[in-house]
Amino acid sequence: MSESFRLTILGCTAATPTSTSHTSSQWLQAGNNHFLLDCAEGTQMQIRKMKLPLMKINHIFISHLHGDHYLGLPGLIFSYHLLGRTKDLHVYSPKGLKEVIDIQHEIANVKTRFNIIFHEVNYGGQKLFENNSVEVEAIKMEHSIPCFGFLIKEKTKERNIIKACIDKYKIGIDKIADIKKGADFLCDDGTLIPNSEITKEPPKPRSYAFCSDTLYTESFINQVKNVDLLYHEATFLQDKANIAKEKTHATAMEAAKVAKKANAGQLLIGHYSARYDDINEFLNEAKSFFQNTILAKEGITIDI
Ligand SMILES: [Zn+2]
Ligand SMILES: [Zn+2]
C-alpha cells in the first residue's frame, strides 16, 4: 500500500474571514511529512477542529504577505511557545516575514525555546526542501506583491522485491539493496535472473501544485506539467475578468485554462470572492473548460 499523500483544506475564502469561513490555509501530508501551506487567521483553530497533529508541523510555506495568507502565523508560533515546543520550525516565505515576527517577539519579550528558521523565497524553481521521500520547490506567481506557489513532489521509490522470489532463488540479504535499485540476480548455478522477474514497479510518484494568488499567466505551466492535483486560485468569475486582472487575481475559467495547458490530473479551485453567493458558479464555469475540477471547501480531504 502506498503512503498517504493527502490534502486537507483549512480555509479557502479570499480577503476576509466570515462567521462561517476562513481564509487561505491547507495541510498537506506526504508520508511522515506534514506541511502547512499558508497560515491565515484561525488556522490553528481549524487544525484543532479537524483533529490534525498540530505538533507534527515542522515546515510552513507562506505564499505571500497579504494578511489573508499569513496572519495566523504569529498566533500559531505563540501557541507553540506556550505549549513548550523545542523542535526547530522552518518557515518559507518572500522577504519580510522574519522582520514581522521578530518585532512582535521583541515588543512582547518572547523568547521561544525553539528555533524559527526563516528561508527567503526569491525565484521560481528554487528548491526549498528535500529529504529522502519528498521535495518542495517554489513556483513564481504574478501578483501585486512578491508571491510564490509551491510544488510538492514525491521522489521515485525503490523497486519492490517479490517476497516469494527471495526463497525461490535463495537471494542473500546482502544483495537486496542492489536489486531494489534495479540490479539483476546471479544464482549459484550461474543463471541470471532479470530484475523485472524478481521485483515490482514502485508506485508512481505523486505531486501537488499549490498556486496561490496570481493573475492568469502561462509562465509556470512547464513547471507544473502533468501534476496530479493543481490548486489554482479563482477569485472571480469570467464576468469580472477585468477586475480580476486589475487586482492581479484569476477567474475560474482562467484557472481551468492553466489546468488544461498543464495537463493536470485534477483541478482544485478556491480563494472565492465574497461577492458571489453561490460557489457552484465557480465550479460550473471551470468545468465548462476543464471537466475534472473540484471546489475547495473547508474540512474536505483529498487523497492525491
Ligand atoms: Zn489572497
Ligand atoms: Zn494576495
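Which residue bridges the zinc ion (ligand 1) and the zinc ion (ligand 2)? D213 does, and the two ions lie 3.5 Å apart. The legends below describe views of a predicted model.

**Figure 1. The two zinc ions and the residue between them.** The zinc ion (ligand 1) and the zinc ion (ligand 2) are separated by 3.5 Å, with D213 coordinating both. D213 sits in the loop between β14 (207–211) and β15 (229–233). Its relative accessibility is 2%, so D213 counts as buried.

**Figure 2. Protein donors of the zinc ion (ligand 1).** Four residues supply donor atoms at 2.1 to 2.3 Å: D68 (OD), H69 (NE2), D213 (OD) and H271 (NE2). The angles among these four donor atoms run from 89 to 166°, and the site is irregular. A tetrahedral assignment would need all angles between 85 and 135 degrees. Along the chain the donors follow the spacing D-H-x143-D-x57-H. D213 and H271 link distant parts of the chain, being 58 residues apart. H271 belongs to the loop between β16 (266–270) and α10 (280–287). With a relative accessibility of 2%, H271 counts as buried.

**Figure 3. Protein donors of the zinc ion (ligand 2).** Here the donors are H64 (NE2), H66 (ND1), H143 (NE2) and D213 (OD), at 2.1 to 2.3 Å from the ion. This site is irregular, with angles of 89 to 168° among its four donor atoms. The donor residues are spaced H-x1-H-x76-H-x69-D in sequence. H64 lies in the loop between β4 (59–61) and α2 (67–70), and D213 in the loop between β14 and β15, so the pair ties together parts of the chain that are 149 residues apart in sequence. Both H64 and D213 are buried.

**Figure 4. The largest pocket.** The space in this pocket is about 310 Å³. It is lined by 14 residues, of which C12, T13, S21, Y272 and I279 are the closest to its centre. Sorted by class, the lining of the largest pocket holds six nonpolar, five polar and three charged residues.

**Figure 5. The second largest pocket.** The volume of this pocket is about 250 Å³. Of its 17 lining residues, A14, A15, T235, H249 and H271 are the closest to the centre. The lining of the second largest pocket divides into four nonpolar, nine polar and four charged residues. H271, one of the residues closest to the centre of this pocket, is also a donor to the zinc ion (ligand 1) through NE2.

Figure 6. Helix α3 covers residues 73–82, and its buried residues are L73, P74, L76, I77, S79 and Y80. In an α-helix there are 3.6 residues a turn, so residues three or four places apart point the same way. Just after α3, G84 has a positive phi of about 80°. F114 is found in the loop between α4 (97–108) and β6 (116–120). The relative accessible area of F114 is 2%, so F114 is buried. F114 and Y80 are 34 residues apart in sequence, and their C-alpha atoms are 8.7 Å apart in space.

**Figure 7. Division of the chain into domains.** Domain 1 comprises residues 5–157 + 203–303, and domain 2 comprises residues 160–200. The C-alpha centres of domain 1 and domain 2 are 43 Å apart.

Key
Residues are numbered from 1 along each chain as its sequence is written. Chains are lettered from A and ligands numbered from 1 in the order in which they are written. This is a predicted model: local features need pLDDT of at least 70, side-chain atom pairs count only at pLDDT 80 or more; totals for chains, interfaces and linings use all residues. Side-chain values use heavy atoms; hydrogens and water are left out. Donors are N, O and S atoms within 2.8 Å of the metal (3.2 Å for Na, K and Ca); water is not among the atoms, so sites may look incomplete. Four donors count as tetrahedral if all angles lie between 85 and 135 degrees; four count as square planar and six as octahedral if opposite donors are over 155 degrees apart and all others between 65 and 115; anything else is irregular. Helices (H or I, at least four residues) and strands (E, at least two) are DSSP runs, numbered from the N terminus. Buried means under 20% relative accessible area, exposed over 50%, partly exposed in between (1.4 Å probe, protein chains only). Domain bounds come from an automatic or database domain assignment. On a 1 Å grid over the protein atoms alone, a cavity is a set of points where a 1.4 Å probe fits but cannot get out, and a pocket is an open set with protein on both sides within 12 Å along at least five of seven lines; lining residues have an atom within 4 Å of a point. Grid points are joined across faces, edges and corners, and a volume is the space filled by probe spheres set on the points. Ala, Val, Leu, Ile, Met, Phe, Trp, Tyr, Cys and Pro count as nonpolar, Asp, Glu, Lys and Arg as charged, and the others, Gly among them, as polar.
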